Amino acid sequence: MEIDLRDGNVLKWLIVTMKEVTKKWIQAGKVLGEDADAKVNCPDCEKGILTVTDVVIGFAGKTDRILCCPCCSKENVITMGQA
Ligand SMILES: [Zn+2]
């Protein structure tokens, strides 16, 4: 299935059907993307404080920031541009 994000209705549908926990991960990614020292609770178990590991992708001049929960071991990665 192809999703065209220029279509406002599709975008609206995506936001409505997006799981609450996914929205929280996006929010967590936003906060930790700006401040790696921020204390953000795990969106999945809401107990653990997410840990942050930066992995530099050499060739692209980009950084992957891995968000990991020490309680339930959930992981999410946000890719960041050049600092
Ligand atoms: Zn967790």
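**Entry 1: the parts**

How many helices and how many strands does the chain have? I went through the model, which is a predicted one, and I found two helices and three strands. Reading along the sequence, I wrote down the pattern α-α-β-β-β. I also looked up how much of the chain is buried: 11% of its 83 residues. Then I looked at contacts with a separation of 6 or more, and 28% of those in the chain come from residues 24 or more positions apart.

**Entry 2: the sheet**

I wanted to know in which order the strands sit in the sheet. The order is β1-β2-β3, in an open sheet of three strands with antiparallel pairing. That leaves β1 and β3 as the edge strands, each pairing on one side only. I checked the angle too: ignoring direction, neighbouring strands of this sheet are turned by 25 degrees against each other on average.

**Entry 3: β1 with β2**

Next I took the strands pair by pair. β1 covers residues 51-57 and β2 covers residues 62-68, and seven bridges pair them in the antiparallel sense.

**Entry 4: β2 with β3**

β3 is made of residues 75-80, and six bridges join β2 to β3, again antiparallel. I looked up who stands opposite whom. Ile66 faces Val77 in β3, and Asp64 stands opposite Thr79 in β3. This hairpin has six residues between its strands.

Ser73 lies in the loop between β2 and β3. Buried or exposed, I wondered about Ser73? Ser73 counts as exposed, because I get 11 C-beta neighbours inside 10 Å.

I then went to Glu46, which also isn't a glycine and has a positive phi, near 60 degrees. Glu46 belongs to the loop between α2 (20-34) and β1. Glu46 has 12 C-beta neighbours inside 10 Å, so Glu46 counts as exposed; the cut-off for exposed is 12 or fewer.

**Entry 5: helix α2**

I turned to α2, which has 15 residues. From its first C-alpha to its last, α2 reaches 22 Å, close to the 21 Å expected at 1.5 Å a residue. Which residues of α2 are buried? I listed Ala28, Gly29 and Leu32. They sit on the same side of α2, because they cover an arc of only 105 degrees around the axis. I checked what these buried residues pack against, and found β1, β2 and β3. On the face of α2 turned away from the buried side I found the exposed residues Glu20, Lys23, Gln27 and Glu34.

Why does Leu67 count as buried? The reason is that 23 other C-beta atoms lie within 10 Å of it, while 20 or more is the cut-off for buried. I wrote down what Leu67 touches, leaving out residues up to four places away in sequence. The list is Ala28, Gly29, Leu32, Leu50, Val52, Glu75 and Asn76. I also looked up one distance: the C-alpha atoms of Leu67 and Thr51 are separated by 5.7 Å, though these residues are 16 apart along the chain.

Last, I asked which residues make up the largest nonpolar core. There are seven of them: Ala28, Leu32, Val40, Cys42, Leu50, Leu67 and Cys69.

Methods:
Residues numbered from 1 in each chain as written. Predicted model: local features only at pLDDT ≥ 70, side-chain atom pairs only at ≥ 80, totals over all residues. Pairing = 2+ DSSP bridges. Helix = DSSP H or I, 4+ residues; strand = E, 2+ residues; numbered from the N terminus. Contact = placed C-beta atoms within 7 Å. Axes fitted to C-alpha atoms, helices over the stretch in contact; angles between N-to-C directions. Core = buried A, V, L, I, M, F, W, Y, C linked by C-beta atoms within 7 Å. Expected span 1.5 Å × (residues − 1). Arc of directions from axis to C-beta.
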